[in-house]
Structure formats: structure tokens, C-alpha cells
Amino acid sequence: MSANLQPRSVNFKFGEYISQAIDLMKKDFGTIILSFLCFMIMSIIPFCGILAAGNFYRICYKIDKGIPTGAGEIFNFDDFVPYFIFQLYIFAGIFLIFIPFGFLAIFADNDNTVSGFVGGLGAIYFISVYFVLIYLLLQSFYIPALITFKQIKDLKSAWNISKTMTKGNLLSILFFSIAVAFLGELGIILCGIGLFITLPFINVAHYFAFKDGLAQIEHDELTEIGQKF
């Protein structure tokens with residue numbers, strides 16, 4: 001774990017992230033849109049979707065700080081390995097989750113009673129898995145930020161830090177994700193063209209959530225010294 005981090009539950013500032021995302025898009029709309037287009041192209045490459053997202057967050061950081069940047073930075077593969085492993089964990093989890101569905105299909109037959117029982121059991125299992133997946137995804141909310149900005153490439157450490165940061169904030173993060181996703185869907189109403197405005201907004205809003213979350217757990221030695229004296 002990075003020495004300058006003190007993992008703790010963060011104060012999730014729902015509204016601030018959305019307003020800050022709007023301001024950043026106004027600051028350099030062209031670079032953000034071009035970067036998102038490159039992000040979409042990069043996502044076509046197998047196992048590169050989350051890596052592209054991480055690079056997009058890095059571009060947002062540079063725009064935010066006034067550091068020269070460009071859309072071509074989306075195609076940076078420096079963090080490919082940790083993101084690749086992260087996605088392997090996700091795929092392995094999904095595979096294991098769906099194994100029981102195969103067993104349920106084996107026990108199902110033409111008998112309506114048995115088929116009905118198996119179908120009901122399958123529905124209960126599916127609903128349970130759905131909520132467990134949402135819970136785990138919310139707990140892993142800060143993992144992309146920890147890999148991208150703090151270079152924490154040990155996924156176990158990143159998971160533990162993210163789990164601590166999201167403690168007590170799961171509902172806020174869920175509502176935030178739903179809200180920005182809803183705003184992103186508004187692009188469909190705008191004849192599809194609006195997708196190139198609203199979809200980047202989703203990722204920019206996530207960048208500010210990540211930025212603020214990491215800022216809250218950074219260990220400031222100068223502040224600590226000032227408090228002692």
C-alpha cells in the first residue's frame with residue numbers, strides 16, 4: 001500500500017462531482033470529446049476497456065490541473081497488467097456465478113412440477129446474485145482510481161482500500177451511478193448525437209469522485225506536524 005494513504009470512509013459529495021464535471025467539460029470540451037472517441041476505439045480491443053477508462057481519467061486530471069495533454073494518451077499501455085488481472089477476476093467471478101444455472105438446467109425435465117420448482121429456484125438465485133454483484137461492484141468503486149493515480153497494482157490491497165473508502169457510502173455511490181447513467185441516457189433522446197456529450201460526462205463525473213475520494217485518504221505529514229505543534 002502507498003505510504004501516503006490512510007484508508008478510511010470518505011465523505012461522498014454527490015452534487016459536487018456532477019457540477020465539477022460540467023465545469024471541466026466547458027474548460028476543454030474538444031480534448032474530452034476526442035479522448036472519449038479514442039476511449040471507445042480502445043474499448044473494442046479485448047481486455048482494454050477498463051485500461052482505456054483509466055487513461056481517460058488521467059487525461060481529465062491533466063486538463064483539471066492545466067497540464068498539456070492529448071487524446072492519444074488513451075493508447076497508453078503502462079497499466080495494462082493490473083487492469084488485465086482485474087478483468088480476469090471479474091470474468092472468473094461471473095463464470096463461477098453462472099455454473100449453478102447449468103446444474104439447474106440438468107435437473108429440469110419435461111415434468112411441469114419439477115420444471116416449475118427449478119425455474120423458481122433459478123429466479124431466486126438470479127435475483128440474489130444480482131444484488132451481490134451490485135454490492136461487490138460498489139465496494140470496488142475506487143479500484144480504478146487506486147491503480148491509475150496511486151499505482152497500487154496489488155489487487156488485494158486495492159480491494160481492501162476501496163472497501164474501506166466505500167464503507168457507509170454504498171447507497172450514495174449507487175444513487176450517484178444511477179444519476180450520471182440517467183444523464184448519459186439523455187443522449188439517446190437527442191437523436192444519438194448527444195451520446196458524444198453525455199457519455200463522456202459520466203466518466204468525467206467519476207473522475208471527480210475518484211479525485212476527491214483519494215484526496216480524503218491522503219496522509220498529509222505537514223498538516224500532522226502542524227497539529228502536533
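Q: How do H1 and H2 sit relative to each other?
A: In this predicted model, H1 and H2 are roughly perpendicular to each other. That label covers angles of 65 to 115 degrees; under 35 counts as roughly parallel, over 145 as roughly antiparallel, and the rest as oblique.

Q: Which residues make the contact?
A: H1 brings Leu24, Met25, Lys26 and Lys27, and H2 brings Phe29, Ile32 and Ile33. Contact means heavy atoms within 4.5 Å.

Q: What are the crossing angle and the axis distance?
A: The axes of H1 (residues 14-27) and H2 (residues 29-44) cross at roughly 100 degrees and come within 5 Å. Axes are lines fitted to C-alpha atoms, for helices over the stretch in contact, and angles run from 0 to 180 degrees between N-to-C directions.

Q: Overall fold: how many helices and strands?
A: 10 helices and 0 strands. Helices (H or I, at least four residues) and strands (E, at least two) are DSSP runs, numbered from the N terminus.

Q: New topic. How many salt bridges are there?
A: The whole structure has 6. The criterion is a side-chain nitrogen of Lys or Arg within 4 Å of a carboxyl oxygen of Asp or Glu.

Q: What does Asp79 pair with in a salt bridge?
A: Lys153, at 3.7 Å, N to O. Asp79 lies in the loop between H3 and H4, Lys153 in the loop between H6 (143-150) and H7 (155-165), and they are 74 residues apart.

Q: Is Asp79 buried or exposed?
A: Asp79 is buried, with a relative accessible area of 3%. Lys153 is partly exposed at 39%. Buried means under 20% relative accessible area, exposed over 50%, partly exposed in between (1.4 Å probe, protein chains only).

Q: And which residues pair at 2.5 Å?
A: Glu218 and Lys150, taking their closest N and O atoms. Glu218 sits in the loop between H9 (195-217) and H10 (221-228), Lys150 in H6, 68 residues apart. Glu218 is partly exposed at 34%, whereas Lys150 is buried at 18%.

Q: Which residues do shared partners join into one network?
A: Arg58, Asp79 and Lys153.

Q: On to the core. How many residues has the largest nonpolar core?
A: 52. Such a core is a set of buried Ala, Val, Leu, Ile, Met, Phe, Trp, Tyr and Cys residues joined through side-chain atoms within 4.5 Å. Phe56, Tyr142, Phe176 and Val204 have the most contacts inside it.

Q: Which helix gives the largest share?
A: H9, with 10 residues.

Q: What does Val204 touch, leaving aside neighbours within four places in sequence?
A: Ala21, Leu24, Met25, Ile32, Phe56 and Cys60. Leu24, Met25 and Ile32 also take part in the contact of H1 with H2.

Conventions: Residues are numbered from 1 along each chain as its sequence is written. This is a predicted model: local features need pLDDT of at least 70, side-chain atom pairs count only at pLDDT 80 or more; totals for chains, interfaces and linings use all residues. Side-chain values use heavy atoms; hydrogens and water are left out.
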